[in-house]
Every structure is written in C-alpha cells, then in structure tokens.
Amino acid sequence: MTALPDRMTVIAISQPGGPEVLRPESRPLPQPEAGEILVKIAAAGVNRPDVMQRMGLYPPPQGATDVPGLEIAGEVVARGTGVTRWKIGDVVMALVIGGGYAEYCLAHESHALPVPPNLTAIEAAAIPETFFTVWHNVFERGRLTAGETLLVHGGSSGIGTTAIQLAKASGARVITTAGSPEKCAACVGLGAEIAVNYRSEDFVAATKKLTGDRGADVILDMIGGEYIDRNYDAAAVEGRIVQIAFQASPRANVDFRRLMFKRLTHTGSTLRARSVTDKGAIARAVETKVLPLIAAGKVKPVIDSTFKLADATAAHARMERSEHIGKIVLTL
C-alpha cells in the first residue's frame, strides 16, 4: 500500500464573498475516527449549498470542517475502528458533511455507496447529495407514486434533472420550470411532459392545463418567495409541497386558506444537519431503490461541465450565472 501524505491541498473559503475568495491551502491529512473512512478523491460535486456557504449564508454544522463540498467519489485509503463494510481500495461515492473540495475527505461508512461499474468517477461524484435529496424529499416526504403529477422547479439544475428522471422512472408525470428555451428542451429530453419557461409563461396555468385543472400532486420547490403562494394555487387537492431551498426568499405573503380548502401538506427538509443515522437510512434507501435504476442505465446524472480542483472559482462562477444544465463537478 502506498504511504499516505501528511498534508493535502484543499480549496478553502478565505472570507465570505464571491467566487474569488476560494483559495488553495495546505492542510493536515484528516484521520478517520470510529466508523469513518478516508477517501482519496477522484471527483467532487459542486452544489448550490457550497455557493451559499462561500457567501457566508450557510455555515457548516458545529464540529464540521470549513472546507466546502458535500459529495465525493474516490478510493478508500484508510479506515477508522469498527468499519466493516469497506476495505482499502474500494471505490465509493459518499455524502459528506463538508470537505469535498480537497485531495482527501472523511466520510461516515454508512453514507458511502458502491459505484456501479457503468459510472465514471465524475458521474459518481454527481450522485450522493443530489440523489439523496431527491429521493428523500420527492418519494419519502412527498410520497410521489405512479400516475401522480410532479411539478419540479429549477428543472435544469442538478436536483431538477435528477427529479425528472426518478419521477419518470417511477411512473409519474412531470412538469418543470426552467429559465430558457434550451433548458426547457433539455428537461423535456429527460422525460418532462412540459417545461415552462418561467420568464415568459405562468407555471400555475400550465400545470392546471396539463392536469385538466386538477393540479400537481407533489411540488418540489427550491425557489420560495412568491412561488410559495403560487405553489398553493398549482397544487391538487391533498397535494404535497416540499421545500428544499429558498433561492428567492424564505419569507412570503401567502393566502393560507388554500392549505385548508385543498388539504395541502407543506413540508421541507435540509440534508446537511441531519443525524448520522438519518443520513445512513436515506443512503440505504437510495442503494436499494435507486442504484439498480442507475446500474441499468435507466437514470443517470446529467453532467454539465467539469473543472480541475484548482479552478473551483470558475466552477462557482458558472453556477452563479445559472448557465448550467445538470451537475458541475470538480476533478482531481
């Protein structure tokens, strides 16, 4: 076995601010504690929460590393006490609490999954944060079932492209919103029945038209703000609205009578601060329900672009311009 270095390069946040505050730093190699594995990273996903953390709006949980990055793929190179599932040399993809923008990263053994042989490291790194989020929120919290209609906002994002595919694979109909004709076309290509250009069309009217005025059974929303009131309008009776982010605003002026009249459920969750046990349970569900779809080629992450780890600034700049369709991934 190759000896591990004492230090590694990470991309740190020098101060809250724009993409330019991301800087390479040398840090000590982390040591796995009980139940943890150390992964030599081949690729790491870039997610909107990383951008929020860089801006000073989404601090890491207490005790977590300040290095951004929530999903990784690579090779297990060290194990803490009590680790039984993974051995040195295993290739895994993992959800991490932070630290993905680095040469090495710790992960809890229960938050790692085997990489299907048909996936590249880049594709594998685009799965954990995104697929865990979609599975838990659309299917566990939103209870989407075959024959129902899902409305997903931000359909061309990593979350959106994943939600479209998983919902379609489950037998649901999908309506999505996106911000350009090119993004709308990409969403339809992934399986959405219609993609509404929110800059020129009304998603409430489009949803009602497609569903015969019934509305969407499940709505996955990462926008918030004025979308909250409009989601209540677009939802079907007994509809479930699942909030996973607030790109517009966490505050809204809403007519809550529709919550009663339509018997709506408005729920939401964040993944990063959840307990080790909670995230482990989601990982097992994804492994059982979703990995077979990925292994069979029925669902796969959509890769927009890749950047070298040292070019994380450019990766963040691309995400902030909202030009991407699918996932942005850092490579090592």
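Analyst: The protein has 11 helices and 15 strands, where helices (H or I, at least four residues) and strands (E, at least two) are DSSP runs numbered from the N terminus. This is a predicted model, in which local features need pLDDT of at least 70 and side-chain atom pairs pLDDT 80 or more, while totals for chains, interfaces and linings use all residues. Residues are numbered from 1 along each chain as its sequence is written, and side-chain values use heavy atoms, without hydrogens and water.

User: Why is α3 called roughly perpendicular to α9?

Analyst: Helix α3 (residues 128-141) packs against helix α9 (residues 276-289) at about 90 degrees, with the axes 10 Å apart. Axes are lines fitted to C-alpha atoms over the stretch in contact, and angles run from 0 to 180 degrees between N-to-C directions. Angles under 35 degrees count as roughly parallel, over 145 as roughly antiparallel, 65 to 115 as roughly perpendicular and the rest as oblique; therefore α3 is roughly perpendicular to α9.

User: How do you know that β14 and β15 pair?

Analyst: Pairing requires at least two DSSP bridges, and five join the parallel strands β14 (residues 303-308) and β15 (residues 327-331). In this pair, F307 stands opposite L330 of β15.
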